[in-house]
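User: Please walk me through this model in short questions and answers.
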Amino acid sequence: MPNSHKPLGWVVALLLLTPSTAWAHTATGTVDGFLSGFTHPLYGWDHVAAMIAVGILGAFLGRPAIWVLPMVFPLVMALGGVLGILGVPLPGIEPGIALSSIVLGSLIVLAIRPPLWVAVILVAMFAIFHGYAHGAELPNAANPLAYSVGFVLSTGMLHLFGIAIGELIRWPWGKVVARATGGLIALTGVGFLTGVL
Amino acid sequence: MISFFWQGCLHPLSVPGHLLVLLALGLLLGQQDKFSLRSSLGLFVLSLVLALVLTPLLPPLQYNEFILLLLAFILSLLVIIKLPLPLGLVLCLSVSTALLLGLDSRAPRLPGLAVSKLYLHALGTSLSASLILTLLASLSFYLNKLLAGIAVRVIGAWIAASSLMVLALLIQHSLPLLTAS
């Protein structure tokens, strides 16, 4: 028994001798920042609905919209994020986010195929609101870069999920599923806009 | 000794800014032809080793995070645009990235620390960063043949978005300092 703490002592001594605390960069906060950024869009159903809608709409419109929209969204979202970080006042953020679900969801449920430039403008406009909301959270993150990588990655994966749903339109039953998802997204938007959700 | 080599190997993976720049450069190199890709990788390794050898002799890099993010943003924009770039520009971007990463990968300078340990750290960093870049560039090269390289360009857009927002945050933090001085 008297020697039971000996191994622990050695471990403590070795840890004290390890110079890891003196490195120029540390991983402190990196994983936490990444995880909190990655989960941030997933906790807000208003965000999730809109991201998935972008993917479905891209798939509905076919090429090149299927890759243009998921590329435009994060880029313009970043510009919205910059406005949020710099504290530039932008009215109607929450209604704008809710409206994005209503408009994009309605386009899908009604099977409206706007020209690419119209779709790009719509998506870019709504991306500003989403980016602004995320950007305002960025200064509080443990590691802002890890946080931003996490949430951009999460956003992209939601787009991919939407594209996967949109790709179902190749089958008759898939069309129903995709349009029903669009309807659900639009209803979610209405719920957020009216304060029901 | 092994600890220093291992810490060096993990260094590019533990610094998000370094990983982001390596990812952006890897994607860009994968979009080029085989000759540009191979020349750039070779020059990258040489420049990185040079920078890592010089690092202990030079003062710490100023505004390193800002420059890293700016470089990541520029590289990712080039990935999105996907234009064939002249060899000189690709080589220049590879060398700049390697020098920046090398000069920002400073091993700890503890009193009485053997120089060999510093160079073991540098060896680990150069090996790991070169392997990561080679792997990413190879992946990007093959992904470019799938769906006209859409996936690569979309990842480029994600990198641009991430770096732009953190650049804005850094500028916002430095604005009060600039106005005060």
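User: What conventions apply here?
Analyst: This is a predicted model: local features need pLDDT of at least 70, side-chain atom pairs count only at pLDDT 80 or more, and totals for chains, interfaces and linings use all residues. Residues are numbered from 1 along each chain as its sequence is written, chains are lettered from A and ligands numbered from 1 in the order written, and side-chain values use heavy atoms, with hydrogens and water left out.

User: How many helices and strands does chain A have?
Analyst: Helices (H or I, at least four residues) and strands (E, at least two) are DSSP runs, numbered from the N terminus. From that end, the elements of chain A run α-α-α-α-α-α-α-α. The count is 8 helices and 0 strands.

User: What percentage of contacts in chain A, between residues at least 6 apart in sequence, join residues at least 24 apart?
Analyst: Contact means heavy atoms within 4.5 Å. Among the contacts in chain A between residues at least 6 apart in sequence, the share joining residues at least 24 apart is 84%.

User: Over residues 145–169 of chain A, how far apart are the end C-alpha atoms?
Analyst: UniProt, in an unreviewed entry, lists these residues among the "transmembrane region" spans of chain A. Positions follow the numbering used here, feature names are shortened, and annotations may be inferred rather than shown by experiment. The span is 88% helix and 0% strand, with its end C-alpha atoms apart by 37 Å.

User: Is B:Thr125 buried or exposed?
Analyst: B:Thr125 lies in helix α6 (residues 115–143) of chain B. Leaving out residues up to four places away in sequence, B:Thr125 touches B:Gly8, B:Cys9, B:His11, B:Pro12, B:Leu48, B:Leu52 and B:Ser105. Buried means under 20% relative accessible area, exposed over 50%, partly exposed in between (1.4 Å probe, protein chains only). The relative accessible area of B:Thr125 is 2%, so the residue is buried.

User: Which helix gives the largest share of the nonpolar patch?
Analyst: B:Tyr63, B:Phe66, B:Ile67, B:Leu70, B:Ile74 and B:Ile171 make a nonpolar surface patch of about 540 Å². Areas come from the Shrake-Rupley method with a 1.4 Å probe; for residues, only the protein chains shown count as cover. The largest share, 4 residues, comes from chain B helix α4 (residues 64–81).

User: What is the relative accessible area of B:Ile74?
Analyst: B:Ile74 sits in helix α4 of chain B. B:Ile74 is partly exposed, because its relative accessible area is 39%.

Conventions:
Patches are made of residues with over 30% relative accessible area and no salt bridge: like charges are joined within 9 Å, nonpolar side chains (Val, Leu, Ile, Met, Phe, Trp, Tyr) within 5 Å. A salt bridge is a side-chain nitrogen of Lys or Arg within 4 Å of a carboxyl oxygen of Asp or Glu.
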